[in-house]
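Subject: Structure handover

Hello,

Please find the structure below. My notes on it follow.

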Amino acid sequence: ILNEIRGLQAGGSSVRLPDIRRRLEARLALSKSTQPSCTSPDTLNSSTDGETNLVEPVLEDTVKPCPISFLPVELLQDIIHFARSERRGIRIPLTLSHVSSHFRSVTLGTPSLWSTIDNLLPTPIVELYITRSGEEALRLCVWVDRLANLPSHSRDQWLNILSKSLRRIKVTEVYGSDPQAFSLWTDWLDDSLSEWSSLARLELLLSESGQREFEGPKGPRWRSFPALQDLSIQGYPDNSWTGMSDPFPPSLRRLTFSKGGFGTVMKALEDLPDLHVLSLDRCSLGSPLVLQPPDGITVPNLKELEITRMSTGSIRALISGVHTPNLTSLSITYPDQDLRFAKFLISFTKAHPQLRSLQIRECSMERNHWSSILQNVTHLNHLAIRGSDLRDEDLCGLGLALVPIIPNMTHLTLENEPRLTTSLVEQIVRTHPHLVSVILRGWNASNVSQANVTAISRLVPHVQIETFGNMEDDDRAGSDTEDEQWDDSYWEGSDFSEDDGWLSGDEAVAKGRR
């Protein structure tokens, strides 16, 4: 616009101020009510050459707003939510509330942005987050190693703040590497935080660094969580976490074990007839079935079973001792090539023909094994295979059969299978007319034919293909260690003294940090 105006001036044409303003408003999508002031009245009145002298001051003083300022508030809220979805984003709402009056208005007007708290935040800021979150459900992150090292008065102050908000805490994540600190945490639960009446999800993670040096930590009192529906226990080899006097709460619908012992897993399943989802990761279940009832354990409502990196012996112990008559989804990861595992999977799928979803990861098997498994799951809707060294002949039964082996298959996902070709996928698509989604990730680009892709896209509504060289690296700048440090210089350099300024309300927090 400036170049056009200068060209008009050079040609002797007159340029009127309303025309300039109108064109700028159209370019910036500004309304008259939001357009910035151009210049002072004195500057405007001092012109003697007509409209053309007004051009330069108008353009110099008109500030082009940042594009993010034009976003609808709802969209900006979603962006901020996405940015703070990870733990490292917990401080984002406080940071953005100090960027501008607009950002502050958005963050303060969105209580859900303040609903995550942890014990790495200074106590005054934890109180601020709880206040600004309104009546939103809270997510609590506890780093027990840090909490155990706090002075007793600081720890008591933090626990006191939590006790006043227990009814609002829906999700709690407890992490650490020191089993003794975990045991102390359970003691504090008994002493200060007796009942979590609204807690729906609990995640407990003990890193491996602590397991090699200490005995297993003391478990929490499960009766303190009467509404718990989702429990994840990772890194606890101790079988004492469930017992006759304190079983898992019957409200549980999803249970995740990582490295759990046989007694813990079997006792849990015996007490949870309404469990819907069970996920086992590297659990050792190969011990004798001492606690198992003579006829095994039946979990009638279990719908989803996920098994990750367990030995064939442990898998067989689980399957032989646990009956899942209504299972509809199986996800299994088995990185070792073992003939016994292939036979087990054939037997299991034959015993569960009602499966609707099957995910197989890192399972290298012979062609006849794949064929037998697929013929056992004729009611399947979702099939996903990843990193299993497949060749076209392994799945040729899906594409060459005159009658579809899996007639109702709607979703097909093949990931990290560089030896497969899109020619096979096109054949599968043509023989399975109900497919609505085909996802091919981590494929060798030389095995992807544009003609095949075009044909597949015409037959399937959703097609996603990612080949080698097109995968974007996950760039996570910074580190957890750096992010966990709270920069005191920020508070020392901030000016909160202005009465009724847009930063008013954080003075107490600043004083608490100084």
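**Charge over a ring**

The charged end of R132 sits over the ring of W114, 4.8 Å from its centre. The test for this is NZ of Lys or CZ of Arg within 6 Å of the ring centre and within 35 degrees of the ring normal.

Some ground rules. This is a predicted model: local features need pLDDT of at least 70, side-chain atom pairs count only at pLDDT 80 or more, and totals for chains, interfaces and linings use all residues. Residues are numbered from 1 along each chain as its sequence is written, and side-chain values use heavy atoms, with hydrogens and water left out.

**Overall**

The chain has 22 helices and 16 strands. These are DSSP runs (helices H or I, at least four residues; strands E, at least two), numbered from the N terminus. Of the 514 residues in the chain, 45% are buried. Buried means under 20% relative accessible area, exposed over 50%, and partly exposed in between (1.4 Å probe, protein chains only).

The accessible surface comes to about 25700 Å². Carbon and sulfur atoms hold 49% of that surface. Areas come from the Shrake-Rupley method with a 1.4 Å probe; for residues, only the protein chains shown count as cover.

Take the contacts (heavy atoms within 4.5 Å) with a separation of 6 or more: 72% are between residues 24 or more positions apart.

R132 belongs to the buried set of α8, together with T123, I125, V126, L128, Y129 and I130. Helix α8 spans residues 123-132 and is mostly covered, with 7 of its 10 residues buried. Just after α8, G134 takes a positive phi of about 60 degrees.

Which residues of helix α5 (residues 73-83) are buried? They are L76, Q77 and I80. Seen down the axis of α5, the buried residues fall within an arc of 105 degrees, so they line one face of the helix. The arc is that of the directions from the helix axis to the C-beta atoms. An α-helix has 3.6 residues a turn, so residues three or four places apart point the same way. The buried residues of α5 pack against α6 (92-96) and α7 (101-108). E74 and F82 are exposed on the other side of α5.

**Aromatic pairs**

Rings of Phe, Tyr and Trp (its six-membered ring) pair if their centres lie within 6.5 Å; planes under 30 degrees apart count as stacked, over 60 as edge-to-face and the rest as tilted. By this rule there are 9 aromatic pairs. One of them is W222 with F225, a tilted pair at 6.3 Å centre to centre and 55 degrees between the planes. W222 is buried at 1% relative accessible area, and F225 is buried at 3%. Y334 and F341 form a stacked pair: 4.1 Å centre to centre, 0 degrees between the planes. Y334 is buried at 4%, and F341 is buried at 2%.

W222 and F225 also belong to an aromatic cluster with W196, F248 and F257.

**Salt bridges**

There are 12 salt bridges in the structure. The cut-off is a side-chain nitrogen of Lys or Arg within 4 Å of a carboxyl oxygen of Asp or Glu.

R201 and D230 form a salt bridge at 2.9 Å, N to O. R201 is in strand β4 (residues 201-206) and D230 in strand β5 (residues 230-234), 29 residues apart. R201 is partly exposed at 24%, whereas D230 is buried at 15%.

D230 also bridges to R254, with the closest N and O atoms 3.9 Å apart. R254 lies in strand β6 (residues 254-258) and D230 in strand β5, so the pair ties together parts that are 24 residues apart in sequence. R254 is partly exposed at 36%. R201, E203, D230 and R254 are linked in a network of salt bridges.

D394 and R391 form a further salt bridge at 3.8 Å, N to O. D394 is buried at 4%; R391 is partly exposed at 28%.

**Loops**

R282 has a positive phi, near 55 degrees, and is not a glycine. R282 lies in the loop between β7 (277-281) and β8 (297-298), and is partly exposed at 38%. N416, also not a glycine, has a positive phi of about 50 degrees. N416 sits in the loop between β14 (411-415) and α18 (422-431).

Best wishes
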